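Please read the following points with the sequence and the model open beside them. They are meant for someone who has not seen this structure before.

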Amino acid sequence: MDIAEVLKHTSPELFLPNLTATDKQGALAEMVEGLIAGTQISKPETIMQMLTSREALGSTAVGPGIGFPHGRTLAVQRLTIMIARSAEGVDFDSEDGNKTHLFFMLIAPPQDSGHQYIKSLAALIDRIQDGDLRDSLMAAENYESFCNAMKED
Amino acid sequence: MHPQLQLLVALQDLDEMINETANQGTELEGLGFKHGGLEELKKSREDLATKIEPGHLSWYKRLTGKFGHAVVPVVSNLCTGCFANIPSSFVSKTNENKVQKCESCGRLLYWP
């Protein structure tokens, strides 16, 4: 899947450039709060419950300093991607033990025909392997710069 | 939202996660995600199920077996399971007092 296609599922309202939480539950809650504020989605407790259960399965901080909290829930009607960033870093139980600085949170409905969200996850993970890109994303001044960096070859 | 419906929604989300791990775990693990806590998740699912009234749980199981999903959202006054119209009079008495079922297909209705 093309990264521009993936970014159609997010928006400037779903970009949190400065997360303040430094622990996993706090960061998830802050992202869910941002999701509710930036969309017409309600039922934050349902989304939090799903994300917390997913993290119990195994941490979603799988990239170098990157986390991909994700899952399906009835609380959303379409795939929605929240982007968040923390300069200080979040203790997200990453495999390498390092702090997580960049998050792509993917929330999909149960009826996600074609497995859009898994394809989107795969595209994001593939794109984010570039260390220079990760530096650019952390330095991006705004949502537009962030997305432009993501789309650059 | 009715507390029992909230539990049913959480149960369906958990079932979705367990099924996805079983069916697409390899694909997800290929992306780097680990699923070491699957057994604990199943245990959480069983614990959650004990909090749901037997009648609702039995109906949930029956619908899941028949349709795949027991709880469906109502969008634009339509049951998104069978696309039957949910009358506005029905909508107005929703949410707080009882777990609502679609009069056409019987699926449990959820207003997002």
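1. A nonpolar core here is a set of buried Ala, Val, Leu, Ile, Met, Phe, Trp, Tyr and Cys residues joined through side-chain atoms within 4.5 Å, where buried means under 20% relative accessible area, exposed over 50% and partly exposed in between, with a 1.4 Å probe and protein chains only. The model is a predicted one, in which local features need pLDDT of at least 70 and side-chain atom pairs count only at pLDDT 80 or more, whereas totals for chains, interfaces and linings use all residues. Residues are numbered from 1 along each chain as its sequence is written, chains are lettered from A and ligands numbered from 1 in the order in which they are written, and side-chain values use heavy atoms, with hydrogens and water left out.

2. The largest nonpolar core has 46 residues, of which Met31(A), Leu35(A), Ile47(A), Leu51(A), Met105(A), Ile107(A) and Val71(B) touch the most other members. At least two residues of this core come from each of H2 (24-38), H3, S4 and S5 of chain A and from each of H1 (3-30), H2 (38-49), H3 (54-67) and S3 (108-110) of chain B, and the most is given by H1(B), with 8 residues. The helices (H or I, at least four residues) and strands (E, at least two) named here are DSSP runs, numbered from the N terminus. A second, separate core of 31 residues includes Val6(A), Phe15(A), Leu79(A) and Phe146(A). As background, nonpolar side chains tend to be buried together in soluble globular proteins.

3. Contact means heavy atoms within 4.5 Å, and, leaving aside neighbours within four places in sequence, Leu35(A) is in contact with Leu14(A), Ile41(A), Ile47(A), Thr80(A), Met82(A), Met105(A) and Ile107(A).

4. Strand S5 of chain A, residues 100-108, is mostly covered, since 8 of its 9 residues are buried. Strands are taken to pair if DSSP finds at least two bridges between them. S5(A) is joined to S4(A), residues 80-90, by 7 bridges in the antiparallel sense, with Thr80(A) standing opposite Ile107(A). The pairing of S5(A) with S3(A), residues 70-72, is parallel and rests on 3 bridges, and there Arg72(A) stands opposite Ala108(A). S2(A), residues 66-67, also runs parallel to S5(A), with 2 bridges between them, and Ile66(A) has Leu102(A) as its bridge partner.

5. Which residues of H2(B) are buried? They are Leu38(B), Leu41(B), Arg45(B), Leu48(B) and Ala49(B), and, seen down the helix axis, they fall within an arc of 100° (taken from the directions from the axis to the C-beta atoms), so they line one face of the helix. The face turned away from this buried side carries the exposed residues Glu39(B), Glu40(B) and Lys43(B). What covers the buried residues includes H3 of chain A together with H1 and H3 of chain B.

6. Ser53(A) lies in H3(A), residues 44-57, and counts as buried because its relative accessibility is 15%. Residues up to four places away in sequence aside, Ser53(A) touches Leu14(B), Met17(B) and Leu41(B).

7. The contact between the chains takes 29 residues from chain A and 31 residues from chain B. The area buried between them is about 2500 Å², with carbon and sulfur atoms giving 62%; buried area is the accessible area (1.4 Å probe) that two parts lose on being put together, summed over both. Leu57(A), Leu74(A) and Ile118(A) supply 29% of the area that chain A buries against chain B, more than any other three residues.

8. Two backbone positions deserve a check. Lys43(A), in the loop between H2 and H3 of chain A, has a phi near 60°, a positive value in a residue other than glycine, and is buried at a relative accessible area of 16%. Asn77(B), in the loop between S1 (71-75) and S2 (78-79) of chain B, has a positive phi of about 60° although it is not a glycine, and is partly exposed at 31%.

9. Chain B as a whole has 4 helices and 3 strands, which run α-α-α-β-β-α-β from the N terminus on. Buried residues make up 48% of its 112 residues, and the C-alpha trace spans about 50 × 25 × 20 Å along its principal axes.
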